[in-house]
Amino acid sequence: MEKQCNVMDCPICGKEDSLKLITQELEIPYFGKVIETTILCEACKYKKSDIFPVDVKEPKRYTLTVEDEYDLNKRVIRGSSGHISIPEFGFEVSPGPASEAYVSNVEGVLTRMEDAIKTLKSWVENEDERKKADELIEKLEEVKLGKEKITLILEDPLGHSAIIGDGVKEELLTQDEIALLSDNTIIMDK
């Protein structure tokens, strides 16, 4: 598929013929064939980019025990349907309607989690919940310093996510697990 560009009115600012929708098919390592989309308004500068995998792969779970700096550098590919959890902290991230795929490393994933907690903390009015958020941020920092050990679990019912490196346990998801992840996604999307 060659690059395609469509022009339309911007739903954000209302300017006529200012919104460009650019699509192209690419081959990306770890993801495979994807459709890349970029939406850009020349008037208000609104921009949104995402990739959509073309193929559905086997639903999988990846589990990694993060113990040291070496583990922090392992590659993480999170598709837009990927669920991430750290059982030791009771921490879970389920994809929502605006969820985007990304490629990072374990440390980058922990930093994203930390940033999300900081954002949520700014919305919380309850002091106990603020303290819990601070404790969780502190624990994530301890993991980054190699002082705390965690289990990072990445599950994807569409198979577009992975943790790459030695010591990573990879297994297929059961139909019941796929259904549970799909139910959780629906709940989180509401």
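The legends below describe close-up views of a predicted model.

Residues are numbered from 1 along each chain as its sequence is written. In this predicted model, local features need pLDDT of at least 70, side-chain atom pairs count only at pLDDT 80 or more, totals for chains, interfaces and linings use all residues, and side-chain values use heavy atoms, with hydrogens and water left out.

**View 1**
Domain 1 covers residues 2–51 and domain 2 covers residues 58–182. These bounds come from an automatic or database domain assignment. Taken over C-alpha atoms, the domain centres are 28 Å apart. Six residues of domain 1 are in contact with twelve residues of domain 2; contact means heavy atoms within 4.5 Å. The size of an interface is often given as the accessible area lost when the parts come together. Here domain 1 and domain 2 bury about 620 Å² between them. Of that area, 65% is on carbon and sulfur atoms. Buried area is the accessible area (1.4 Å probe) that two parts lose on being put together, summed over both.

**View 1. The salt bridge across the domain interface.**
The rule finds one salt bridge between domain 1 and domain 2. A salt bridge is a side-chain nitrogen of Lys or Arg within 4 Å of a carboxyl oxygen of Asp or Glu. The interface also has one residue pair in polar contact, both residues at pLDDT 80 or more. By class, the side of domain 1 that touches domain 2 has three nonpolar, one polar and two charged residues. Ala, Val, Leu, Ile, Met, Phe, Trp, Tyr, Cys and Pro count as nonpolar, Asp, Glu, Lys and Arg as charged, and the others, Gly among them, as polar. A polar contact is a pair of N or O atoms within 3.5 Å; within protein, one must be able to donate a hydrogen and the other to accept it, and residues adjacent in sequence count only if both atoms are side-chain atoms.

**View 2. K48 and E100.**
The side chains of K48 and E100 form a salt bridge, 2.6 Å from N to O. The pair links distant parts of the chain, 52 residues apart. K48 lies in strand β4 (residues 47–53). E100 is in the loop between β8 (91–93) and β9 (102–105). Helices (H or I, at least four residues) and strands (E, at least two) are DSSP runs, numbered from the N terminus. K48 is partly exposed, with a relative accessible area of 25%. E100 is also partly exposed, at 35%. Buried means under 20% relative accessible area, exposed over 50%, and partly exposed in between (1.4 Å probe, protein chains only).

**View 3. K74 and D166.**
K74 forms a salt bridge with D166, and their closest N and O atoms are 3.7 Å apart. This pair links distant parts of the chain, 92 residues apart. K74 sits in the loop between α1 (69–72) and β6 (75–78). D166 sits in the loop between β11 (162–164) and β12 (169–172). K74 is buried, at 6% relative accessibility. D166 is partly exposed, at 46%.

**View 4. E114 and K144, joining two helices.**
The side chains of E114 and K144 meet in a salt bridge, 2.9 Å from N to O. E114 lies in helix α2 (residues 106–123) and K144 in helix α3 (residues 127–144), so the pair ties together parts 30 residues apart in sequence. E114 is buried, with a relative accessible area of 6%. K144 is buried too, at 17%.

**View 5. A salt-bridge network.**
R61, E155, E171 and E177 are linked in a network of salt bridges. The structure holds 13 salt bridges.

**View 6. V124 in the loop between α2 and α3.**
V124 is found in the loop between α2 and α3. V124 is buried, at 18% relative accessible area. Leaving aside neighbours within four places in sequence, V124 is in contact with E129 and R130.

D17 is a residue other than glycine with a positive phi, near 50°. D17 lies in the loop between β1 (4–8) and β2 (19–28). D17 is exposed, at 54% relative accessibility. K45, again a residue other than glycine, has a positive phi near 70°. K45 lies in the loop between β3 (32–41) and β4. K45 is exposed, with a relative accessible area of 60%.
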